[in-house]
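Trainee: I've got a new model open and I'd like to learn how to read it. Can you walk me through it, starting with the charges?

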Amino acid sequence: MHNDNVLYVEDPQKSEYARRIYCDAVTALSENGFWEYEKNPDAPLLAHTLGAPLNLKITHNPTLSHEYVGCDSLCEIFRLRINALPNLPFFGLLFIPHNAGNPAPLCIACHGYLGTPELMYGMHGKNGYSGLIEKLLKRGFAVFSPQLLMWNCGFNPAKPHYETQYNRPELDRRFRKNDAAIASLEVFCILQSITALSNIRTLDLTNLSACGMSYGAYLTMRAMALDARIQQGFFMSCFDGGDDIRFPEWQPQPCFALLRDGEIAGMCAPRPVTVEVGKTDDIFPPTGAVREAETAKSAYLRADAAENFHLSIWHGGHIVNPDTNCAELLKG
């Protein structure tokens, strides 16, 4: 039984194993690299700019297993393990709404820095995601929310804390010794997740959507630019250019020029993209988004799809707009 007024809550310890396994696998890859795979000279420019594994010849077919987590008034929840590579298990939560069609349209929803998919849904306490997944579920979407290597393991005492320790900047430095990058790895994992999810007959990926907040927007927008299976995107609180001294992992691979956020969004044309940023965002102020939007608009104009790119600035900070119409826009 479940309470019709309360969303599912889980003890963070129940999911700690997934964060630990993923962290251990990423750490091992950062030390060993991707020596067994050849470079793919035909990979898109963005893939070469981001580095391995996106620019490698990888034919591994990802496999998927699941664990039943629980249910509430909105949905059933499953924890997925997706073997993106033979030695790389990637985790996330799959939410299936009770009112889902058969098959149900799927949306990929990515958390930001210091987040987890559990936190994004409200399973681990208060957060800045403003019920985003809940809104998507109420509109009939099934939602896959991946676990990125960004959870809070002591960086911010005011946010929910997780035990598994990691050092993302150091991991990225190790990857770059082998022409790889941690951002490339996580975009790759998102794309491999789509492939694995496409084998679930109760999910409809013919009009696949993606959304993300902050760091999640950075990664999902690049995933959309690389993969035409993502038909529409909604990216929040991160459209400032992609060149930031605070985030050295955003730098391109040697011999490649930085591709800025406006250029990345332009690569998604003519598919619909909405960018939403806060007027008082103190991490990524909207001035950068306004500048980058001009680049994106030019690309959409060239694609004869000017109406498919939108920039929205709302009167708030670095959180998901509580009044956002993301679910409605993605539903079309």
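This is a predicted model: local features need pLDDT of at least 70, side-chain atom pairs count only at pLDDT 80 or more; totals for chains, interfaces and linings use all residues.

Trainee: Next, the overall fold. How many helices and strands does the protein have?

Mentor: Ten helices and nine strands. The radius of gyration is 19 Å, close to the 20 Å the globule rule gives for 332 residues, so the protein is as compact as a globular protein of that length. If you want a box for the C-alpha atoms, take roughly 60 × 45 × 40 Å along the principal axes.

Trainee: What percentage of the residues is buried?

Mentor: Buried residues make up 57% of the 332. As for contacts with a separation of 6 or more, 72% of them are between residues 24 or more positions apart.

Trainee: Let's pick a helix. Which residues of α5 are buried?

Mentor: Arg168, Leu171, Asp172 and Phe175, in a helix that runs over residues 168-176. Viewed down the axis of α5, the buried residues fall within an arc of 100°, so they line one face of the helix. Here's the general idea: an α-helix has 3.6 residues a turn, so residues three or four places apart point the same way.

Trainee: And what covers the buried residues of α5?

Mentor: The cover includes α1 (16-32), α6 (182-197) and α7 (215-226). Glu186 sits in α6, and Arg168 is among the residues Glu186 touches, along with Tyr22, Leu148, Leu149, Met150 and Leu219, leaving aside residues up to four places away in sequence.

Trainee: Is Glu186 buried or exposed?

Mentor: Buried: the cut-off is under 20% relative accessible area, and Glu186 comes in at 1%.

Trainee: Now the backbone. Where are there cis peptide bonds?

Mentor: One joins Asn102 and Pro103, with omega about 10°; Pro103 lies in the loop between β3 (88-97) and β4 (104-110). Another runs from Ala269 to Pro270, with omega near 5°, and Pro270 belongs to the loop between α8 (261-266) and β8 (273-278).

Trainee: Which residues have a positive phi without being glycine?

Mentor: Look at Ser130, with phi about 55°, and Ser237, with phi about 65°. Ser130 is in the loop between α3 (117-121) and α4 (132-138) and is partly exposed at 24% relative accessible area. Ser237 is in the loop between β7 (230-236) and α8, and is buried at 2%.

Conventions: Residues are numbered from 1 along each chain as its sequence is written. Side-chain values use heavy atoms; hydrogens and water are left out. Helices (H or I, at least four residues) and strands (E, at least two) are DSSP runs, numbered from the N terminus. The radius of gyration is taken over C-alpha atoms; the globule rule is 2.2 Å times the number of residues to the power 0.38. Buried means under 20% relative accessible area, exposed over 50%, partly exposed in between (1.4 Å probe, protein chains only). Contact means heavy atoms within 4.5 Å. The arc is that of the directions from the helix axis to the C-beta atoms.
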